[in-house]
Structure formats: structure tokens, C-alpha cells
Amino acid sequence: MALIEIKDLTKIYDDNAFPVTALNKVNLVVEKEEFTAIVGPSGSGKTTLLNIIGGLDKQTSGIIKINNTDISKLKTDKMIDFRLHNIGFVFQAYNLIPVFTAKENVEFIMLLQGISKEEREKKAVELLQAVDLGDRIDNRPTELSGGQQQRVAVARALASQPSFVLADEPTANLDSVTANNLLDLMEKLNKEHKMTFVFSTHDARVIERAHRVVTLRDGRIEKDEIRQNSKVNAT
Amino acid sequence: MLIALAWKNIWRNKKRSLIILTAITLGIWAGLFSVAVMIGSWDTTVNSTIDRNLSHLQIHTKAFKDDNLISNYIPNGPVLADNIRKLPQVKDVSARVLIEGMASSPGSSGGANIIGVDPEHEKNVTTIANYIIDGEYFSGIKRNPILVGAKLADKLGLKLRSKVVLSFQNIDTTLTYAAFRVAGIFRTESSMFDGSNVFVKQSDLYKVMNNDRIVSEIAVRLKSSNDLDSTLSQLRGMYPSLVIESWKQLAPELELTYQFMIVELEIFLGIIMAALLFGITNTMLMSVMDRVREFGVLLAVGMKRMRVFFLILFETAILSFFGGIIGMMLGSFTIWYFSDKGIDLSLFTEGFSAWGMPSILYPALPLSFYGILTSMIILTAIIASIYPSVKTIKLRPADAIRTYG
């Protein structure tokens, strides 16, 4: 069942004297429960594609539908609301709110959704336990290691019960052990909780673990490889 | 949680927040204190003018107002003064004889306003008795005592017990001379007043004039200045043929000074507000620019733009609230301290006394001003945060997240 449908997606940056085509008629369908890595060299359009899928940027032309909603037609505040309820974000630099504890960071998303205090506190603790941070719930980001911060970011991404999680280079700032632990966690969430993950990455470890690898080059899909461990049969 | 986030954000950069807090505190403190000094100085000047000689209300004949001759006296003046004295809101009444004449000493002479008063009633109406710097208030001299202003005494070379000859045109136009002896020398806040006025007993003057019915001016002192306008209307109704004026009409320059002071205040407060406005805008803008990536993340994960807007507004509002409280407390304390001790301006007394201003100022601020000023400054602070807030909600999350800082 198609979760993300992209058709003839083109993005041209024309802010400068020389327009740059970042994405050129990209077509892609991501099914539910996929564990997909978008890879490619720098400047291939990975981040642009992720930004457009996440509704953080607008395409120049083409269609992008998430859960059958054409998100390019949503106005700014509607888009923010759509992101809140449908998309979980994990950033390369973790990007937690530094003044909040781990629990408050996770709770904050649920607060934006209007969930009651008791419910969000309970769920935040559950999510942090699920990412093996049950004993660090009252620590602030500065008191956590990079790997722990990224785990909090994953818990935060899951707090809104999104349709899928977009992760932009999630392991780029982590050492091998921590990166593998994080990938274990995300894979577990994918398997056990049926959570769809879409990554952009350079990291061979992520690529190795991905069920599907979409390779971008010069703004076009060069290769779309589905691994044996994938739940998706064909694209 | 939004307020909690705003509160926590404030203390992320303590130095910067303390700068804003200090700016707001100082703004409110300076605003309150300067307004209190201005209002206090005006109050002191007005009270001093009322106390010195004007009193609250004065009654004259229209002819006297046009030409202050002794012949233009108030008909039945003594009876009229007695009647007004009986009004419940009236503290006392001084029926005065005013004559323009000459004062001469063995060495010199000069023009003088001769004011004939009943010492007991005058004491209740003005505070001239308190301004005696040498001698006593109409005592110590048995026959024809006179009180002379310090500046006039200097000019004429008069000392205590010196003889002064007053000359003036009597009601029958004959030139009349009378000898007085200095019982007291007074110095008020107004050197102009001290250089031109002498006080004598009305009874002594009547003897010289050979007439005991002349009253040129009736000065009315009220128990409360709140009754000024109602008493003015009442007296005008009672004595329509006479000119009855309050101190505001008698000393229009005071009203003018008040208007001028209000304009000055508005300009001064405007400058404080503008400085505060630009200062806070600049600091909040720096605070926001430091957190561009964080705001980008908040917008990306689903925080609505209005919430981001209010988050920044809350941060400023919280700082303004505490700055407001501290500033108000500091301002109130400073005003309270100086309203009791006074601000000694004796270094500038010469300059001030030419304007009839006292050398000690007592700051005073009506209660309503505290609220008005504090609200104005808090409002200014909140307005100052609008530009940084608007700039933030216009951020594109995709660009903001890529910002490092």
C-alpha cells in the first residue's frame, strides 16, 4: 500500500544567477513498513528529496502525495499540522530542545498535538524505555552522549504516532558501535511496530542494513534496489 | 509547557536576559523617578506660591484689578471677610490692605508693596511667619513693627530694629509718611518677592490712614484644595460684583509651567521608550538569530507559527513582568525615600529662587502613574519583541535547520 507517491518531481533552485536543478523528474513510491535508504554523492539531491517529502520545502513541479494527500497544495499552517500528525523527523545533529529534559523533549510533540499531561508523560516514559533510555529521562541533551541524544530524537519522532519517520543522515555523527545500536533500534521498531523509515545517508552501515536502497545521481534516480529482507516485493 | 519553555529559554543566556531585565528595570525606575521629580517640583512650586502669599482664592474689586489704587477697596470688606470665614470648607481668611509705596532707610530708598495684615489671620492663610530668618513675626517691637524681605533689607541696609519710613498716597490722595521698626526679616523661595514686599499690622496702617474700613484684598485659605473649584463657584455666586479668582488665574505662569512640564515629560518618556524599544528589539533579535536552527526544528516537527510567535513574545513578556516589578519597587522606594528627605538643590538655589522655586524638591507621584508608566514600558517591551517574532515565523524550516549556531 503506497504511503508516499512521487511523480515527475522536479526542484530547481533559481535564487542565484545560475538555476540549479536539484531533482529532475523523480518518480518514487514508498510502501508502508519499508526501511528505505536514499543514497548518493553530495549534491545528488538526497536532502532536497527528503525536505520535499517532509513538507519542509516545495517542489518546482510534479506531484507528491502522502497517504493520498497532495501535500504541495497544503498552506503553511496546514502543512505544519500535517507534519505534526504524519511525519516523524530525525536529524543528523539530533536537534533536541536543549533546555528540556529527554522526557520533556518527547512530551513536547504530544503537547503540540493536544494530548493530556498524564497521557503524554506516560507515553514519553514508555517511548524512552523502548529506546533504552528509561534511566535517563530527566537528563538534558548536554548530559547525554551523541548516541543517546539520537535515541531521544527517535523517541520524539515516534511520539506523534506518525505514518513514517524521515531520517536525514541519522548516523553521520555517531561512532560505529552507537550507529549500529541505533540501526538495531530502528530496525526493531520497523519490524515490531511496523514503522516506515526513510533515510538519506552516505553511511555504508545504514545502506547495508536497508531493505531498499534508492540511489540518486544528479537529481535523478539512478538505481532502485530491493533487498531480500525487504517486505516490499517489487517497485 | 510553552510558558515553561519560554522561562527556560530566558535563562539559557543569563547575561543577555539580565541585560534586558536591567534595561526594563532602569527604564521603569528612571521613568517613575523623573516623573515624580517633575510633578514634585511643580507641586512644591505651586504649594510654595500658595503658602507664601497667594492662598487658594483671592477677592478684589474689578477697579482694583484694573488699577490697584487704595481707593479701589472692597466695600464692607471686613464684614465680607467675616462671612467667608464662617464657611465650613474655609480654614481662614486674611483681609489685606495693599498699597504701593516707598520704603526708606537713612541710607537708601526703594519701591515697596505695603501689605497690611491681621497677623493672627495671616498666619493661618500663608506661611510668611515661617520664612522669618531674623527677628520674630510681629513681636519684639512694641510700636509699628514691620517685616521686610531679605533682598529689600539688603538693598536698604536694614537690620533688626532698624527704622524704616514708609510713604504712600492715602485715600484722600495726600502723601502719608509713617515710621516702622524692623521686627523681622523674611526670606522666601522667591527673591523677587523678597525684594519688593513688606508686611505691617493692619491696625497700625489704619491708624496712619485714619480709616479702618479699607480692605483691598481678601485671601481665602481652604481646608482642602479639592474644594477649590466648588468654593470658587460658590463665592462667585455670593458676590457677583467682585472679581474672585483661584490661584490658577492669579498665577497663570504656574499653569503654563504645568503644561510645559507635561510636554517635557512626554518627550522625556518618549526618549526612554524609544531607547528601550530599540535596545530590546536588538537584544531579542540576537537571541532569536542564535536559535534559528532550533526554531526551524520546532516548525519542522509541527509547532504552529503563532505558537512560535507567542513563545518569543512570552520570553519578552516574562522579562518585562519581572523588570516591571523590580523597576516599580525600586522607583517606589526611591520616591518614598526622597519624598521624605527631599532632594537638596541648594547648590542652585540662587537660580531657582529667581523663579520662586524652593531649594528642596520633594518628588511626588500620584498612584495612577505607577500603573500607567509600568504598563507603558511593559507594552513597549512587548512591541519590541514583535519584529524578532515575525522574522522567526517567516523562517523556512529547511533553511533554518541547516543553519549552524
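Here is a short chat about a predicted model and what its labels rest on.

Modeller: Ground rules: this is a predicted model in which local features need pLDDT of at least 70 and side-chain atom pairs count only at pLDDT 80 or more, while totals for chains, interfaces and linings use all residues. Residues are numbered from 1 along each chain as its sequence is written, chains are lettered from A and ligands numbered from 1 in the order written, and side-chain values use heavy atoms, with hydrogens and water left out.

Biologist: Okay, why is Asn105(A) called buried?

Modeller: Buried means under 20% relative accessible area, exposed over 50%, and partly exposed in between, with a 1.4 Å probe and protein chains only. Asn105(A) has 1%, so it counts as buried. The residue sits in helix H3 (residues 102-112) of chain A; helices are DSSP runs of H or I with at least four residues, strands are runs of E with at least two, and both are numbered from the N terminus.

Biologist: Why are E6 and E10 of chain A called edge strands?

Modeller: The open sheet runs E6-E7-E8-E3-E9-E10 in chain A, with mixed pairing. Two strands pair if DSSP finds at least two bridges between them. Strand E6 (87-90) and strand E10 (220-226) each have a single partner strand, so one side of each lacks a neighbour in the sheet.

Biologist: How do you know that E3(A) and E8(A) pair?

Modeller: They share five bridges, in the parallel sense, and the cut-off is at least two. Thr36(A) stands opposite Val198(A) there. E7(A) and E8(A) also pair in the parallel sense over five bridges, with Leu166(A) having Val198(A) as its bridge partner.

Biologist: What makes E8(A) mostly covered?

Modeller: Six of its six residues are buried. In a regular strand the side chains alternate between the two faces of the sheet. Here Thr196(A), Val198(A) and Ser200(A) are buried on one side, and Phe197(A), Phe199(A) and Thr201(A) on the other.

Biologist: Over to chain B: why are H2(B) and H11(B) called roughly antiparallel?

Modeller: The axes of helix H2 (residues 14-54) and helix H11 (residues 252-289) of chain B come within 10 Å and cross at roughly 180°. That makes H2(B) roughly antiparallel to H11(B): angles under 35 degrees count as roughly parallel, over 145 as roughly antiparallel, 65 to 115 as roughly perpendicular and the rest as oblique. Axes are lines fitted to C-alpha atoms, for helices over the stretch in contact, and angles run from 0 to 180 degrees between N-to-C directions.

Biologist: And why does Thr173(B) count as exposed?

Modeller: Its relative accessible area is 55%, so it passes the exposed cut-off. Thr173(B) lies in the loop between strand E6 (163-169) and strand E7 (175-186) of chain B, and has a positive phi of about 70° although it is not a glycine.
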